[in-house]
Amino acid sequence: MNFKIIYLLCISQIFSIGLDALNIPINSNTLSTQTSTDIGVNSLSELFNENSFLEYNTRNWLPGITGHSIYWKTSSSLVKSVGFETMHDDEIFYHGSVPNDEENIKLPASWYSISLLFGKEIKNYNIGIKIQSFSNLLYTEKYNGLIANFYINKFIYHNIQIDFSLRNSIILLGNINNQSLPVQMNLSLQNNHIKIPISYGVAMKYTKLENSLNSFINYNLGFINFTGSIKYITDRELQYASGINLIYNQWQISYSLTSQLTSTLGTPQIFSIQYNFKSNN
C-alpha cells in the first residue's frame with residue numbers, strides 16, 4: 001500500500017476536501033459560544049479541576065449531515081479528556097453520467113474520529129495537546145490522518161483568563177489532492193464575573209481562508225443558564241447562536257442552534273446530555 005506522509009506545521013499548508021468535520025462544534029456549549037474550541041469547554045482551565053463528566057451529543061449540521069459524539073472529561077492528572085465522533089452525509093446520490101430522478105443509489109460518506117487531550121500545569125500556565133486520529137470515506141476515496149492541536153491558558157487577573165490554540169497541525173496518510181482547510185489559530189479572552197452570575201468573552205480566529213471575531217455572554221441561574229453569541233466573519237453577514245442548559249442534580253441537558261448564512265441550508269443544532277461524577281474532594 002502506498003502512502004503519502006506529509007507533516008503540516010506551516011499556516012500556509014492546507015487539508016483535504018471532506019475534512020470540514022474538524023471544524024464542526026463538538027457539543028452544545030461550543031456551538032452556542034462560537035469560540036472555535038474543540039475541547040468541549042470554553043476554556044482549557046476547566047479541564048484542570050478534579051471533576052469528571054460523561055457527555056453524549058447528537059449533531060444536525062447541513063441538510064443530510066448528522067453525527068454523534070461521546071466526550072469524557074476525566075479527573076486524571078495527565079489525560080484530561082477522551083472523545084469519539086462520527087458524522088454521516090445521507091444526501092449524496094449517484095446519478096450516472098446523466099442526472100435523472102430515477103437514480104436512488106446513495107454514495108457512502110462518513111467520518112470517524114478518536115481523540116485524547118493531555119494537559120499539564122507549567123509555571124502558572126495550563127498547557128494542553130490534543131491528539132486526534134480520523135478516518136474519512138467519500139465513495140472510493142479514503143483519508144486517514146493524525147492531528148495535533150496545541151493549547152495554552154493563563155489567568156492574567158483574578159477571574160480573567162486568556163486562551164491561545166493552534167489547531168490542525170496534521171499528519172496525513174493517503175491521497176491528499178484538493179486540500180483546502182488551513183491551520184487555524186484562535187485567541188480568546190473571558191471573564192467570570194464575581195458579584196453576578198455572568199461570564200462573557202471575546203474570541204478571534206485566523207486561517208488563510210477565513211477570519212472571524214465573536215463575543216458571547218452566559219447568564220447562570222444555577223438550575224438553568226442561557227448563552228448567546230454574535231460572530232462576524234470577514235466579508236460576510238453576522239452569525240448568531242444561542243443555547244440553554246438545564247441542570248438537575250448531576251445531570252445537565254443542553255440545546256443550542258445557530259443561524260446559517262443561507263437559509264436554504266437549514267439550522268445547525270446540537271443536543272447534549274451530560275452526567276457529572278462527584279469529586280472525591
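Q: What should I know about the numbering and the model before I start?
A: Residues are numbered from 1 along each chain as its sequence is written. This is a predicted model, where local features need pLDDT of at least 70, side-chain atom pairs count only at pLDDT 80 or more, and totals for chains, interfaces and linings use all residues; side-chain values use heavy atoms, with hydrogens and water left out.

Q: How many aromatic pairs does the structure hold?
A: A pair of aromatic rings is described by the distance of the centres and the angle of the planes. Rings of Phe, Tyr and Trp (its six-membered ring) pair if their centres lie within 6.5 Å; planes under 30 degrees apart are stacked, over 60 edge-to-face, and the rest tilted. The structure holds four such pairs. One of them, Phe53 with Tyr71, is tilted, at 5.9 Å centre to centre and 45° between the planes. Phe53 sits in strand E3 (residues 52-60) and Tyr71 in strand E4 (residues 65-73), 18 residues apart, and the pair links distant parts of the chain. Strands here are DSSP runs of E, at least two residues long, numbered from the N terminus.

Q: Are Phe53 and Tyr71 buried or exposed?
A: Buried means under 20% relative accessible area, exposed over 50%, and partly exposed in between (1.4 Å probe, protein chains only). Both Phe53 and Tyr71 are buried. Now take Tyr275 and Phe277, an edge-to-face pair with 5.2 Å between centres and 85° between planes. Tyr275 is partly exposed at 25%, and Phe277 is partly exposed at 38%. Ring pairs also join Trp251 to Tyr275 and Phe277 in a cluster.

Q: Which ring does the charged end of Lys80 sit over?
A: A charge counts as over a ring if NZ of Lys or CZ of Arg is within 6 Å of the ring centre and within 35 degrees of the ring normal. For Lys80 the ring is that of Phe48, with the charged end 4.5 Å from its centre. Lys154 does likewise over Tyr125, at 4.7 Å from the ring centre.

Q: How do strands E8 and E9 pair?
A: Two strands pair if DSSP finds at least two bridges between them. E8 (residues 109-122) and E9 (residues 125-138) run antiparallel over 14 bridges, and Trp111 has Asn136 in E9 as its bridge partner. Their hairpin has two residues between the strands, and Lys123 there takes a positive phi near 50°. E9 also pairs with E10 (residues 141-157), antiparallel over 13 bridges, with Phe134 opposite Gly145 in E10.

Note on methods. Helices (H or I, at least four residues) and strands (E, at least two) are DSSP runs, numbered from the N terminus.
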